[in-house]
Amino acid sequence: MKLINKISIWFFIITLLLTPVCVIISYHSVRDKIDHTQVARMKKMNGNVAQLMEQGNLPTDYTVGKPMTIQQLSTPMPARQTEVFNDCRGEKNTDKDGYLITVNSYYNIHGKVYKISSYNYTTNTRQIFISMLSGVLWKLLLFSIAVILLARYFSKKIFRPFREAIYAMTPFNVKDKREIQIPETNITKFRQLNCFITKMTNE
């Protein structure tokens, strides 16, 4: 097997081993980023409603058209003022390709405890994973084709000094006592090889 083929095979093996790891890391990073952004936006919405209520304004104009609910509680203020829930079961009852995020915020407004909730569907993590995997596989396929084509080209260019050295040694005969003329190269290892060959044949 040619050296360039061995290098290509090892390259593909390493790439195939690293690809699943990269996909998993990217998947978790994207999923957490999406969830964090959604939750932060919903917390801000709840805070805006609470601010309107503290100012004595009705929040109906702000909440109209938005998936929000306001509930006055008869229980004391909870220890946790914000709750976040991810409900994947919501997918079965809707045609949305995602899961339901619920953010409950508790506020003490004018001596009364209110629970302000925001709801939103976000992209299904399964769809994120499938999209990322599809993209990575396509990139891997294109990358593999590029490596195969470029490997042939660069192998001829990189190993040309080695082939020239072999070609120069082919007619060599000790009885002729002729020096071998090997073309110069700027590749350090092949230059060292040429020097070694020239030294050995001159002796």
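**Reading a predicted chain: contacts, cores and surface**

Author: In the protein chain, residues 24 or more positions apart account for 59% of the contacts with a separation of 6 or more. Contact here means heavy atoms within 4.5 Å. This is a predicted model in which local features need pLDDT of at least 70 and side-chain atom pairs count only at pLDDT 80 or more, while totals for chains, interfaces and linings use all residues. Residues are numbered from 1 along each chain as its sequence is written, and side-chain values use heavy atoms, with hydrogens and water left out.

Reader: How many helices and strands does the protein chain have?

Author: Helices (H or I, at least four residues) and strands (E, at least two) are DSSP runs, numbered from the N terminus. The protein chain has five helices and four strands, and their pattern along the sequence is α-α-β-β-β-β-α-α-α.

Reader: What percentage of the residues of the protein chain count as buried?

Author: Buried means under 20% relative accessible area, exposed means over 50%, and partly exposed lies in between (1.4 Å probe, protein chains only). Of the 203 residues, 28% count as buried.

Reader: Which residues form the largest nonpolar core?

Author: In soluble globular proteins, nonpolar side chains tend to be buried together. A nonpolar core is a set of buried Ala, Val, Leu, Ile, Met, Phe, Trp, Tyr and Cys residues joined through side-chain atoms within 4.5 Å. The largest one here has eight residues: Met-45, Val-49, Ala-50, Met-53, Met-68, Ile-109, Tyr-114 and Ile-116. Helix H1 (3-54) and strand S4 (112-123) are the elements that give two or more residues to this core, and H1 supplies the largest share, four residues. Apart from this core lies another, of five residues, among them Val-39, Tyr-99, Ile-101 and Val-103.

Reader: Is Ser-105 buried or exposed?

Author: Ser-105, in strand S3 (residues 98-109), is called buried because its relative accessible area is 2%. Beyond four places in sequence, Ser-105 touches Asn-46, Gln-81, Thr-82, Tyr-114, Lys-115 and Ile-116. With Asn-46, the link is also a polar contact between side chains, at 2.9 Å. A polar contact is a pair of N or O atoms within 3.5 Å; within protein, one must be able to donate a hydrogen and the other to accept it, and residues adjacent in sequence count only if both atoms are side-chain atoms.

Reader: And where is Thr-102 placed?

Author: Thr-102 is in strand S3 and is buried, at 11% relative accessible area. Leaving aside neighbours within four places in sequence, Thr-102 is in contact with Met-42, Glu-83, Val-84, Phe-85, Ser-118 and Tyr-119.

Reader: Which loop holds His-110?

Author: His-110 lies in the loop between S3 and S4. At 62% relative accessibility, His-110 counts as exposed. Its phi is near 55 degrees, a positive value in a residue other than glycine.

Reader: Which residues form a nonpolar patch on the surface?

Author: Patches are made of residues with over 30% relative accessible area and no salt bridge; like charges are joined within 9 Å, nonpolar side chains (Val, Leu, Ile, Met, Phe, Trp, Tyr) within 5 Å. A salt bridge is a side-chain nitrogen of Lys or Arg within 4 Å of a carboxyl oxygen of Asp or Glu. Accessible areas come from the Shrake-Rupley method with a 1.4 Å probe; for residues, only the protein chains shown count as cover. Trp-138, Leu-141, Leu-142, Ile-145 and Leu-149 form such a patch, with about 560 Å² of accessible area together. Trp-138 is found in helix H3 (residues 125-158) and is exposed, at 56%.
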